[in-house]
Structure formats: structure tokens, C-alpha cells
Amino acid sequence: LDRAEGALRNGDPRAAWTDAAPASAVLRRRFLPGFDAPWADQRRAMLTERLHRTWLVLAAAWLECDDTTLARSAARNAIETDPYHEEGHRLVVRAELASGNRPGAVRAAAECRRLLRDDLGVDPSQETVELEREALG
């Protein structure tokens, strides 16, 4: 995962995808299903956070490789693992815009805004607001 994030930062989305894909396969496995203990819960939380990062890398890499379908899917998976982390929502908006689906981008931005407002009582970040404005045209 660290290598995949580094490859993405260095402008190599194919290398990022190559490293992140197997990481996502491993991290999707359940850790000690049916076993309850505080240390196991902490480990599950850490693995979920890493899975979230993996989905973000995959979404960004696939977006840079012009595969908006896979980018959208990975971004949606990122949202499922951490719905309050705005980057997943922004990647969905970017994937929709890149595929020419402006109404889908507007819906995705509105979904993010609604979730943050209704669940947390906060507004989206400036970066998300700017992307929402871009989606609105």
C-alpha cells in the first residue's frame, strides 16, 4: 500500500494500480471473524483504514488511466469503508465528470454535502465545494 501511494504521488498510476490491487484483495479479508477482543477490534479498525486508503489509490490511479468505470467503483468502495472522508466523494465526482456524466457528478457532490450536514452538522471542505461548483458548471 505504501509503495502504491508513493507511485501515485510520483505520477505512475499503473505502478500504483499494480501494488494496490493485491493489497485490496488481502485487506478485504475479514480478520478473525467471530472473535471479540479489544485488541482484535483495534486491528480491524487499522485494517479498515488501510483498505480505505487502498480504494482511494485505486480510484485515483484508474481515473488517471482514464478508466472511469473502475475509478467510480473504487471510489464508491472507499465511501463504504469511510463515508465521512471527503476524498472518496470527490473521486466519484471526478469520475462522473471525466465520463461526461455531469448530472451524476452533481448528485455525488450533493450526496456528500447531505451526508456531512445530516450526520455531522458540518459543511464540506473548500476543495469539495470547488469541485461541486465545477460539477454544476
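Analyst: Helices are DSSP runs of H or I with at least four residues, strands are runs of E with at least two, and both are numbered from the N terminus. By that rule, L131 belongs to helix α7 (residues 126-136). The model is predicted, so local features need pLDDT of at least 70 and side-chain atom pairs pLDDT 80 or more, while totals for chains, interfaces and linings use all residues. Residues are numbered from 1 along each chain as its sequence is written, and side-chain values use heavy atoms, without hydrogens and water.

User: Why is L131 called buried?

Analyst: Buried means under 20% relative accessible area, exposed over 50%, and partly exposed in between (1.4 Å probe, protein chains only). L131 has 7% relative accessibility, and therefore counts as buried.

User: What makes R114 partly exposed?

Analyst: The relative accessibility of R114 is 41%, so this residue counts as partly exposed. R114 sits in helix α6 (residues 102-120).

User: How do you know that α3 and α4 are roughly antiparallel?

Analyst: Axes are lines fitted to C-alpha atoms, for helices over the stretch in contact, and angles between N-to-C directions run from 0 to 180 degrees. Angles under 35 degrees count as roughly parallel, over 145 as roughly antiparallel, 65 to 115 as roughly perpendicular, and the rest as oblique. α3 and helix α4 (residues 68-81) pack at about 160°, with axes 8 Å apart. The pair is therefore roughly antiparallel.
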